[in-house]
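Please walk through this structure step by step.

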Amino acid sequence: MTTAIVVGYIPSPEGIAAFERAKDEALMRGARLVVVNSGQAGNFAGPHFATAQDLDAIDAELSDAGIVHEVVQPTTGLAPADEILRVVAEEGADLIVIGLRHRSPVGKLLLGSTAQQVLLDAPCAVFAVKAPAERPR
Amino acid sequence: MNETIVVGYIPTPEGSAALARAKGEAAIRGAELVVVNTGKHGSYGKAKVATPQDLEAIDAELAAAGIDHDVIQPTSGLAAADELLRVAVDRKASLLVIGLRRRTPVGKLILGSTAQQVLLDAPCAVLAVKPAPTG
């Protein structure tokens with residue numbers, strides 16, 4: 001039985017997809033959810049760092065859904081993968097959710113380094129989700 | 001409408017872990033489970049063909065658990081990732097389950113080619129499972 005889920009969140013389509021998935025999984029399993037937004041290795045001004053309003057909205061959404069949760073924005077300066085795995089260990093999480101980008105039109109052949117490291121070093125199962133495919137214009 | 005989960009199975013610890021997890025996921029979601037034993041582990045790896053007894057045992061286990069299922073052993077000669085993706089698209093899977101090996105202390109720094117390709121090209125979410133730690 002799943003008791004705690006950790007989701008790596010950044011304010012991007014794939015990060016949002018991961019959050020939505022994590023929320024669904026938490027509801028389905030009656031598990032608590034820890035949302036981790038860690039920016040990019042201490043870059044607090046970068047696009048991966050969610051705004052306070054963004055995190056408040058996430059907090060409200062999870063409260064409304066009745067999900068026991070915590071939203072954390074660590075400032076340890078660790079790389080995102082290390083941060084996610086640190087929280088997983090701390091929380092004794094048994095499920096991780098991360099977002100992956102679609103392969104680019106010229107055929108991106110590698111996964112991002114954060115995703116790879118989380119997948120390789122996770123002590124538990126990892127859900128890898130993508131943003132819904134963009135509709136052709 | 002019924003959900004479909006596809007799991008890539010080979011007779012290894014990680015394959016068994018993926019199957020066990022996929023069975024659990026199918027149970028909680030009331031989904032149909034399609035077990036795919038491709039035989040080819042990666043493009044160049046040795047064949048990991050499950051024996052007929054192995055597949056029958058899986059079939060019996062899923063039937064006993066009351067899970068709608070299909071156990072297939074494609075012989076198209078496609079690499080494992082291509083086969084899994086083909087089945088996932090074909091069956092309109094909502095979830096793909098794959099097994100990953102545990103990184104050893106001096107071990108691999110990157111994911112295997114099958115896992116990478118499945119993760120990048122999957123038409124749905126992918127659940128990557130590892131076997132329980134040994135000793």
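In chain B, strand β6 (residues 95–99) and strand β7 (residues 125–129) are paired in the parallel sense, with 5 bridges between them. Within this pair, B:Val97 is placed opposite B:Leu127 of β7(B). The model is a predicted one.

Strand β7(B) also has a partner in the other chain. Strand β5 (residues 125–130) of chain A is joined to β7(B) by 3 bridges, and these two strands run antiparallel. Here A:Val126 stands opposite B:Ala128 in β7(B).

These pairs belong to a wider arrangement. An open sheet is formed by 10 strands, and its pairing is mixed. Read across, the order is β3(A)-β2(A)-β1(A)-β4(A)-β5(A)-β7(B)-β6(B)-β1(B)-β2(B)-β5(B). At the edges lie β3 (69–72) of chain A and β5 (69–72) of chain B, each of which pairs on one side only. From one strand to the next, the twist averages 20°.

Which helices of chain A touch this sheet? One is helix α2 (residues 52–64) of chain A, which packs on the sheet and touches β2 (32–36) and β3 of chain A. The direction of α2 makes about 175° with that of β3(A). Another is helix α3 (residues 80–91) of chain A, which lies across β1 (4–8), β2, β3 and β4 (95–100) of chain A. Helix α3 runs at about 155° to β2(A).

Now turn to the interface of the two chains. On one side, 25 residues of chain B are in contact with 27 residues of chain A. Together the chains bury about 2100 Å² between them, and 51% of this area is on carbon and sulfur atoms.

How many salt bridges are found across the interface of chain B and chain A? There are 2. One of them links B:Glu25 with A:Arg29, where the closest N and O atoms are 2.8 Å apart. Between chain B and chain A, 11 residue pairs are in polar contact, counting pairs with both residues at pLDDT 80 or more.

Which parts of chain B supply the side that touches chain A? At least two residues each come from α1 (13–29), α4 (113–121) and β7 of chain B. Sorted by class, that side of chain B has 14 nonpolar, 3 polar and 8 charged residues.

Definitions and conventions. Residues numbered from 1 in each chain as written. Chains lettered and ligands numbered in written order. Predicted model: local features only at pLDDT ≥ 70, side-chain atom pairs only at ≥ 80, totals over all residues. Heavy atoms only, no water. Pairing = 2+ DSSP bridges. Helix = DSSP H or I, 4+ residues; strand = E, 2+ residues; numbered from the N terminus. Axes fitted to C-alpha atoms, helices over the stretch in contact; angles between N-to-C directions. Contact = heavy atoms within 4.5 Å. Buried area = accessible area lost by both parts, 1.4 Å probe. Salt bridge = Lys/Arg side-chain N within 4 Å of Asp/Glu carboxyl O. Polar contact = N/O pair within 3.5 Å; in protein donor to acceptor, adjacent residues only side chain to side chain. Nonpolar A, V, L, I, M, F, W, Y, C, P; charged D, E, K, R; others polar.
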